[in-house]
Amino acid sequence: MGTLSPIAPGLWTDEVEPQLIGGAHKDSGRIVFPMPDGDAANAYDAVLLAREGTLWSWTVQGFEPKAPYTGPKPFAPYGVGYVELPGQVIVETRLTVTSSLKIGMPMRLVIEPFGDRATFAFAPAGDPA
């Protein structure tokens, strides 16, 4: 994402085709996102998540969230949803579009600007990068 720093460290890999970094519980194998931090991290192994998934549910965030929201000003509505990564986890995510979305449609991971930083989002899989 060029020179923009991530909204939080350790959310995705720094690759040409980045991947989200989740955690697989060492005993149960259950995958979570994001990877836990602090003492909880000891119970998990880092795992790279799929770049593509399926739109599970979505809505439009039409009003500015309460503090500690530090996103772009002035606030603009944005899509938010859940994308199921096959065999792994359902990720809560920003969506790059709010029109033409259909439950079950293929989605792909993208990194995009968020104010003066970068965040992850999912876009319809057929959209250009």
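This is a predicted model: local features need pLDDT of at least 70, side-chain atom pairs count only at pLDDT 80 or more; totals for chains, interfaces and linings use all residues.
**Strand pairing**

Strands of a sheet pair through backbone hydrogen bonds, in a parallel or an antiparallel sense.

| Strands | Sense | Bridges | A bridge pair |
|---|---|---|---|
| E5 (residues 52–61) and E8 (residues 106–114) | antiparallel | three | Thr 54 and Pro 106 |
| E8 and E9 (residues 117–124) | antiparallel | eight | Met 107 and Pro 124 |
| E2 (residues 21–25) and E4 | antiparallel | five | Ala 24 and Asp 45 |

E8 and E9 form a hairpin with two residues between the strands. In this hairpin Gly 115 has a positive phi near 65°.

Strand E2 belongs to an open sheet of three strands in the order E3-E2-E4, and the pairing there is antiparallel. Strand E3 (31–32) and strand E4 (44–48) each have a single partner strand, so they stand at the edges and one side of each has no neighbour in the sheet.

**The largest pocket**

Rolling a probe the size of a water molecule over the atoms shows where empty space is left. The largest pocket has a volume of about 400 Å³. It is lined by 15 residues, and those closest to its centre are Ile 7, Tyr 78, Arg 94, Phe 114 and Thr 119.

Which strands each supply at least two residues of this lining? They are strand E6 (78–85), strand E7 (89–95) and E9. By class, the lining holds eight nonpolar, three polar and four charged residues.

Key. Residues are numbered from 1 along each chain as its sequence is written. Side-chain values use heavy atoms; hydrogens and water are left out. Two strands pair if DSSP finds at least two bridges between them. Helices (H or I, at least four residues) and strands (E, at least two) are DSSP runs, numbered from the N terminus. On a 1 Å grid over the protein atoms alone, a cavity is a set of points where a 1.4 Å probe fits but cannot get out, and a pocket is an open set with protein on both sides within 12 Å along at least five of seven lines; lining residues have an atom within 4 Å of a point. Grid points are joined across faces, edges and corners, and a volume is the space filled by probe spheres set on the points. Ala, Val, Leu, Ile, Met, Phe, Trp, Tyr, Cys and Pro count as nonpolar, Asp, Glu, Lys and Arg as charged, and the others, Gly among them, as polar.
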